[in-house]
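Below are some notes for a colleague who is meeting this structure for the first time. Please read them with the model open beside you.

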Amino acid sequence: SEYPERELVIVSDLMQHSKRFSFYSHCKQGDVIKPNKCRSFESLLKKKIGSETVEKYIQDRKPKIESLKNLKVTVLYINHDYETRSGLSSSLVELWEELFKFMGIKNYEIIKQLAII
């Protein structure tokens with residue numbers, strides 16, 4: 001309440017990868033080695049991780065509404081060269097936009113950056 005606005009800045013390639021779930025597998029369609037296009041957010045929510053779904057996992061960890069009041073999220077999306085494939089970059093951004101909406105984060109911006117290679 002002391003600050004009129006708080007800003008969370010995330011610098012990322014947006015490719016979530018953990019033991020629970022990985023966008024490296026969620027964003028592969030067809031018989032490909034590298035990610036090429038992400039499946040829908042709805043299909044991600046249905047995935048099983050242990051005894052629960054991704055939806056339950058995120059639901060249990062999403063922030064309380066009152067903590068989001070004065071929060072702005074800025075994502076600096078550093079995409080790798082393989083993320084410039086047709087369909088991957090846009091579907092990855094859509095996936096994160098759906099995630100933010102699901103979590104109740106309304107004030108966000110995803111800014112695409114040039115790959116640093």
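1. Two strands are said to pair if DSSP finds at least two bridges between them, and helices (H or I, at least four residues) and strands (E, at least two) are DSSP runs, numbered from the N terminus. In those terms, the bridge partner of Ser12 is Tyr77 in β4.

2. This is a predicted model, in which local features need pLDDT of at least 70 and side-chain atom pairs count only at pLDDT 80 or more, while totals for chains, interfaces and linings use all residues. Residues are numbered from 1 along each chain as its sequence is written, and side-chain values use heavy atoms, with hydrogens and water left out.

3. On confidence, where pLDDT is the predictor's confidence in each residue, from 0 to 100, the protein chain averages 88, and 91% of the residues score at least 70.

4. The protein chain holds four helices and five strands, which follow the pattern β-α-α-β-β-α-β-α-β when read along the sequence. Its C-alpha atoms fill a box of roughly 50 × 40 × 20 Å, taken along the principal axes.

5. Three strands form an open sheet in the order β1-β4-β5, with parallel pairing; β1 (6–12) and β5 (108–113) are the edge strands, each pairing on one side only. From one strand to the next the twist averages 15°, where axes are lines fitted to C-alpha atoms, for helices over the stretch in contact, and angles run from 0 to 180 degrees between N-to-C directions. Helix α4 (residues 88–103) packs on this sheet and touches β4 and β5, its direction making about 160° with that of β5; contact here means heavy atoms within 4.5 Å.

6. As for the pairing in detail, seven bridges join β1 to the parallel strand β4 (residues 71–78), and Arg6 stands opposite Leu71 in β4. On the other pairing, β4 and β5 run in the parallel sense over six bridges, with Ile78 opposite Gln113 in β5.

7. Which residues lie nearest the centre of the largest pocket? They are Phe21, Tyr57, Ile58, Leu99 and Met103, among 13 residues that line the pocket (an open set of points on a 1 Å grid over the protein atoms alone, where a 1.4 Å probe fits, with protein on both sides within 12 Å along at least five of seven lines; lining residues have an atom within 4 Å of a point). Helices α2, α3 (54–61) and α4 each supply at least two residues of that lining.
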